[in-house]
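Colleague: Could you walk me through how the chains of this model meet? I have the structure open.

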There are 2 protein chains.
Amino acid sequence: MLIREMTPQECRAFVERVGFGRLGAARDNQPYVVPFYFAYESGRLYSFTTLGKKIRWMRANPKVCVEVDEVKNHFEWMSVILTGRFQELPNTLEYALERQQALEALEKRSLWWQTAFASGQVSGRHTAEPIIYCVHIDTVTGHRAVPDAVESSIALAERAKAS
Amino acid sequence: MLIREMTPQECRAFVERVGFGRLGAARDNQPYVVPFYFAYESGRLYSFTTLGKKIRWMRANPKVCVEVDEVKNHFEWMSVILTGRFQELPNTLEYALERQQALEALEKRSLWWQTAFASGQVSGRHTAEPIIYCVHIDTVTGHRAVPDAVESSIALAERAKAS
């Protein structure tokens with residue numbers, strides 16, 4: 001197995017394709033990690049939820065970390081780590097344009113709405129106002145592991161393309 | 001889809017079976033999330049790595065969060081969130097017993113060693129000392145989503161068992 005760093009372009013394409021990852025928040029230096037769906041667009045992740053611990057923590061401290069991975073097995077995986085800042089997009093005139101952009105990106109993955117609302121059931125939050133938010137991306141790093149044989153053919157293809 | 005809370009027993013069985021999740025650390029209230037393999041045993045997660053950002057951050061602040069999930073689709077998934085405290089198990093007399101216990105648990109998943117060492121390749125850490133550590137679990141919560149039809153049969157089976 002060989003592990004190599006992914007380029008920023010590879011990271012972005014991967015994050016956009018997968019659209020699912022883990023969102024890390026922190027409060028009083030206690031980290032909190034939850035799975036979440038998102039839509040990637042123009043250097044931002046848009047997502048949707050209802051009021052809960054995740055939102056309360058991010059309102060108190062907007063610093064977040066997002067991890068997106070795809071693990072086939074121990075020897076073949078990709079993992080991208082983003083750091084960024086949480087921003088809520090409330091239903092006000094000030095945020096109207098950005099909220100519209102977020103909703104359009106989110107509508108492409110319409111199942112989310114159903115999932116996020118259903119998750120309100122468990123804590124009796126049926127009537128909770130939907131909360132739209134985005135993560136402004138500050139840094140991106142990614143690593144990819146491939147079995148030796150695959151790595152050789154990628155290297156061969158890259159050398160062929162370069163020559 | 002119906003979402004329900006998992007019992008502590010269900011959470012433990014799930015975490016033990018999966019043995020893979022995301023580890024969240026925090027420094028100066030900046031969260032950091034990475035994928036990691038672990039062995040669950042007696043209320044602890046044991047894992048193995050080489051020196052890097054993750055270990056430096058957890059040495060500075062031992063508060064961690066671990067998220068373990070299995071997502072079949074939007075309507076069928078399990079997610080368990082643990083909070084706990086990082087503890088390094090150095091190769092000294094004081095930690096000999098606990099380190100032995102950790103190594104035995106880790107040996108059952110021997111591929112880890114190869115993976116963790118290989119990851120040293122990318123940053124030129126070939127000769128780094130292996131670091132064994134554990135996470136003492138403080139709190140565990142879990143949620144499970146099942147499609148309506150499946151939920152009905154689970155409820156039926158539970159009622160049958162209870163009667």
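Predicted model: local features only at pLDDT ≥ 70, side-chain atom pairs only at ≥ 80, totals over all residues.

Colleague: How many residues of chain B are in contact with chain A, and what is the area buried between them?

Modeller: On the chain A side, 43 residues take part. Chain B also puts in 43 residues. Carbon and sulfur atoms give 64% of the buried area. That area is about 3500 Å².

Colleague: Which residue of chain A meets Arg22(B) in a salt bridge?

Modeller: The rule finds four salt bridges across the interface of chain B and chain A. In the one with Arg22(B), the N to O distance is 2.7 Å. The partner side chain is Asp69(A).

Colleague: Which element gives the most to the side of chain B that touches chain A?

Modeller: Across this interface there are 11 residue pairs in polar contact. Elements giving two or more residues to the chain B side include strands S2 (20–27) and S7 (76–88) of chain B, and helix H4 (111–122) of chain B. The most, eight residues, comes from H4(B).

Colleague: Does Glu98(B) count as buried or exposed?

Modeller: Glu98(B) sits in helix H3 (residues 96–107) of chain B. Beyond its neighbours within four places in sequence, its contacts include Arg44(B), Tyr46(B) and His136(B). The relative accessibility of Glu98(B) is 18%, and the cut-off is under 20%, so Glu98(B) counts as buried.

Note on methods:
Residues numbered from 1 in each chain as written. Chains lettered and ligands numbered in written order. Heavy atoms only, no water. Contact = heavy atoms within 4.5 Å. Buried area = accessible area lost by both parts, 1.4 Å probe. Polar contact = N/O pair within 3.5 Å; in protein donor to acceptor, adjacent residues only side chain to side chain. Helix = DSSP H or I, 4+ residues; strand = E, 2+ residues; numbered from the N terminus. Buried < 20%, exposed > 50% of the residue type's maximum accessible area, 1.4 Å probe, protein only.
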